[in-house]
Amino acid sequence: MVKTTKIYYNVCGDYMRRRNRIKKQWIVLIFLAVVIGLGIIYNTVNDKRSLTKIEGLIKDTGLFVNKIVYSPIKLVKKKIVENREKQEMYDKYQELKNKSNNYDLLEAKKEELEFQLKEMQKILNLNNTLNKESYLNATVINRNVGIWYDTITIDKGSKNGIKVDMPVIVNEGLIGKITKVSNFNSAVKLLTSDEITDKISVKIKNNNDYILGLLVNYDLSNKVFIVEGIDQNTDIKEGSVVTTTGLGDYFPSGIIVGKVKQVRTDNFDLAKIVEVKSDVDFNKINYVTVLKREVIEE
Amino acid sequence: MIGFIISISLLLESILSNLIPIGTYFTPLFSIVSLVIIYPYFINDDIRYIKYCGITGLIYDVIFTNTLFFNMIIFIIIGLIIKLINITLSNNFINVMIITAINIIVYLIISYFILWIIGYKTFNYDYLFSTISKTLILNIIYSVVMYIVTDKISKKHKILKID
């Protein structure tokens, strides 16, 4: 009887041990699967990854169908907006009519300034600056599909000369850069994105001088850009204009980013942190301009 | 019927994303809703349903988000959750609303957490919560409309579905 009970317990023990081993193996397998899965997702979500030909083809076809379906709705929307704008334009026309007397004076001044700029460029031998851009207007065809990505899709692609990392602007200022390009569409990563891999060099106008800083991220709760790397002893006025410096690989000089909203010191009282408010409504972007940057050669 | 629901939902999601500004209380996520609506048409064929979820996710990945496999994996998880919930809940418009709400919350939380783990997003509880609240209203309305429309079509054409 005792012997039988012993055998029974041994069998039970073996069974339990085997079961625990299998359980552990499953846990290890699941853990490995999760790690591998996250690795794959990391690689595919990464902006540096370029689209494969098949992906590009599927994307172009899908967005082409989407564009066809959307076109009648777009037409109606356009007519409504046009009518509203017509009224606004008439009001502005009346206002501008009064200002038109000063136009000749301003035109002469502009010509003089352009002449001066050319002369100065010659003197400084700035023939390879990044100031000449060719502009390409594009329509936004997708916006908040995939909420977390802060990306918009535009209807121009590599066939229109668009390349990865080209800056994208709207009338109110800089909005982002091209991250993915297929033949007829491109994805634009917005500056409001969390993914901070490329800090943007910016300059803040301060009287007749410029203060350099780095745009590091976007504060979602206050809806402002954060500019760091500014000396504690520098005075910056609220409302000063912030533009790009042209330093770095992507953004040319002189593109407006926004205006200074608030200046505060960092936690260690060593440097100033500037909050910059952009005039761009990142929730309502319908048309954009891509700067197809070219280097001026003599 | 299934293909029709998925394509209409994907197209509408894309179109509405252009018409409705981001940050309002009407953010579309119709592709997730379509997974809820199509489930009753897979009678005793769960594997085929999961395959459809994966394909929808892959299409969503390639066309709209420039990613690969990310939404496909999440859509499959969503498909499994829909399958589990449907074991206990019957198919009527109130339950469709509940299932839609649960799945949208799950989708947003999973996708946000994955993007946070791989370092793509910084974690912000308020942002996550506000996004969830902004996404629910329109999608619940869409789920009810879609349920009523597809229910009438299936009754008219005598298409079998789970009730």
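Chain A has three helices and 12 strands, whereas chain B has six helices and zero strands. Helices (H or I, at least four residues) and strands (E, at least two) are DSSP runs, numbered from the N terminus. This is a predicted model: local features need pLDDT of at least 70, side-chain atom pairs count only at pLDDT 80 or more, and totals for chains, interfaces and linings use all residues. Residues are numbered from 1 along each chain as its sequence is written, and chains are lettered from A and ligands numbered from 1 in the order in which they are written.

- Chain A splits into domain 1 (54–191 + 285–293) and domain 2 (200–277); the bounds come from an automatic or database domain assignment.
- The C-alpha centres of these two domains of chain A are 24 Å apart.
- Of the 298 residues of chain A, 26% are buried. A residue is buried if 20 or more other C-beta atoms, placed from the backbone, lie within 10 Å of its own, exposed if 12 or fewer, and partly exposed in between.
- In chain A, 60% of contacts between residues at least 6 apart in sequence join residues at least 24 apart. Two residues are in contact if their C-beta atoms, placed from the backbone, lie within 7 Å.

**Chain B: overall form**

- Along the sequence, chain B reads α-α-α-α-α-α.
- The radius of gyration of chain B is 15 Å, close to the 15 Å that the globule rule gives for 163 residues, so chain B is as compact as a globular protein of that length. The radius is taken over C-alpha atoms, and the rule is 2.2 Å times the number of residues to the power 0.38.
- Along the principal axes, the C-alpha atoms of chain B fill a box of roughly 50 × 30 × 30 Å.
- Of the 163 residues of chain B, 40% count as buried.

**Nonpolar cores**

- A nonpolar core is a set of buried Ala, Val, Leu, Ile, Met, Phe, Trp, Tyr and Cys residues joined through C-beta atoms within 7 Å.
- The largest core has 42 residues; Ile175(A), Val227(A), Val288(A) and Val290(A) have the most contacts inside it. Domain 1 and domain 2 of chain A each supply at least three residues to this core.
- A second, separate core has 38 residues, including Leu35(B), Ile38(B), Ile74(B) and Tyr142(B).
- Beyond four places in sequence, the contacts of Ile175(A) include Val168(A), Leu190(A), Val280(A) and Val288(A).

**Interface**

- 33 residues of chain B contact 35 residues of chain A.
- On the chain B side, α1(B) gives the most, with six residues.
- That side of chain B divides into 18 nonpolar, 12 polar and three charged residues. Ala, Val, Leu, Ile, Met, Phe, Trp, Tyr, Cys and Pro count as nonpolar, Asp, Glu, Lys and Arg as charged, and the others, Gly among them, as polar.

**Single residues**

- Thr135(B) lies in helix α6 (residues 125–156) of chain B. Thr135(B) is buried, with 23 other C-beta atoms within 10 Å.
- Leaving out residues up to four places away in sequence, Thr135(B) touches Thr27(B), Leu29(B), Ile104(B) and Leu108(B).
- Most residues other than glycine have a negative phi. Lys223(A), not a glycine, has a positive phi of about 55 degrees. Lys223(A) sits in the loop between β7 (209–219) and β8 (224–231) of chain A and is partly exposed, with 15 other C-beta atoms within 10 Å.
- Asn44(B) also has a positive phi, near 50 degrees. Asn44(B) lies in the loop between α2 (30–38) and α3 of chain B and counts as exposed, with 6 C-beta neighbours inside 10 Å.
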